[in-house]
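Colleague: I have a few questions about what the labels rest on. Could we go through them together?

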Amino acid sequence: MRFARPVGLLLSAAAVLLWAVGMTVWQPLTEPIGPWSERLPGNNAYWARDLRFVAIVAIVLGLLLAGRGQLRWSAPAVVLGGLWIAADVAIDRADPGGTGSTILLAVSGAAVLGVLAAVLAWRDRGRPPTTDRRVLTGTACVAGVLAVVAAGIESPTDREPELTPAAFATGVLLVALTVVVALAAAPARTRGRCLLAVGLGAVAVGGVALGRTVPPGPRILPMIALGGVLLTGVTLLAWDWPGGRPVWRRHAR
């Protein structure tokens, strides 16, 4: 995919911004106010933290796309993800909040991402671009599953006004990663595959929005359907098309 590197870095940068907002804006909403508060932690009360961790994985997935699945990008990206989670835990203990903290974390995270990408791109200079389709296909599957996780996340009351926009934004980012990475894993970017990618993205974004309108209990059914659509779509986009078209039975299975 010709634009894999800039698109991958752009999606990683978007995930950095979501992570910063999650740390400074959404995280305080899940903190207990006092020892007898009705907002004491309960089942899935840590939805902001869960969405941040999903965003961190999205940063790694974007780097995998930028490196076209090559090991020289994949290994540093995974190491960065582990270090980022450790940094997240440390920063969370400091309880940052406010616009200034959001900007500081977003800029710092983008700087770290930019430095790593610059170093990896410098190491890649002079090498012909190659794509590891198997790694990218697996990356698209991980992104698809995480899109379902983000879209279906809930809290004990599910009444926090910020929860639905946060889950929707994170889910849409993962949908974009799923579709773009699957298209990058394809042996060729034909017009049919591009149209399929656009259709898959539109249906999946609609599925994320629909899932957020359903109460937490019955939400499992639309989330299962969304996962089936995304993973089947990854298969259709990334696998070979003998004769120029999908083998529908085999791909669906």
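Modeller: Happy to. Let me start with Asp124, which has a relative accessible area of 11%. Buried means under 20% relative accessible area, exposed over 50% and partly exposed in between, with a 1.4 Å probe and protein chains only. Asp124 is therefore buried. Before we go on: this is a predicted model, where local features need pLDDT of at least 70, side-chain atom pairs count only at pLDDT 80 or more, and totals for chains, interfaces and linings use all residues. Residues are numbered from 1 along each chain as its sequence is written, and side-chain values use heavy atoms, with hydrogens and water left out.

Colleague: What makes Arg5 and Asp124 a salt bridge?

Modeller: The rule asks for a side-chain nitrogen of Lys or Arg within 4 Å of a carboxyl oxygen of Asp or Glu. Arg5 and Asp124 have N to O at 3.1 Å, and the pair counts as a salt bridge. Arg5 sits in helix α1 (residues 4-26) and Asp124 in helix α4 (residues 99-124), 119 residues apart, and the pair links distant parts of the chain. Helices here are DSSP runs of H or I with at least four residues, strands are E runs of at least two, and both are numbered from the N terminus.

Colleague: Why is Arg5 called partly exposed?

Modeller: Its relative accessibility is 22%, so Arg5 counts as partly exposed.

Colleague: Which residues pair with Arg52 in salt bridges?

Modeller: One of them is Asp88, with the closest N and O atoms 2.7 Å apart. Asp88 is in helix α3 (residues 71-93) and Arg52 in helix α2 (residues 47-66), so this pair ties together parts that are 36 residues apart in sequence. Another is Asp92, which meets the side chain of Arg52 at 3.9 Å, N to O. Asp92 is in helix α3 and Arg52 in helix α2, 40 residues apart.

Colleague: How many salt bridges does the rule give?

Modeller: The count comes to five. As background, side chains of opposite charge can pair when their charged atoms come close.

Colleague: What makes Trp19 and Trp84 an edge-to-face pair?

Modeller: Rings of Phe, Tyr and Trp (its six-membered ring) pair if their centres lie within 6.5 Å; planes under 30 degrees apart count as stacked, over 60 as edge-to-face and the rest as tilted. By this rule the count is one aromatic pair. Trp19 and Trp84 are 5.5 Å apart centre to centre with 90° between the planes, and the pair is edge-to-face. Trp19 lies in helix α1 and Trp84 in helix α3, so the pair ties together parts 65 residues apart in sequence. Trp19 is buried at a relative accessible area of 3%, and Trp84 is buried at 7%.

Colleague: How do you know how the reach of α4 sets against the expected span?

Modeller: The expected span of a helix is 1.5 Å times one less than its number of residues. α4 has 26 residues and reaches 37 Å from its first C-alpha to its last, close to the expected 38 Å. Helix α7 (residues 191-213) has 23 residues and reaches 34 Å, close to the 33 Å expected.
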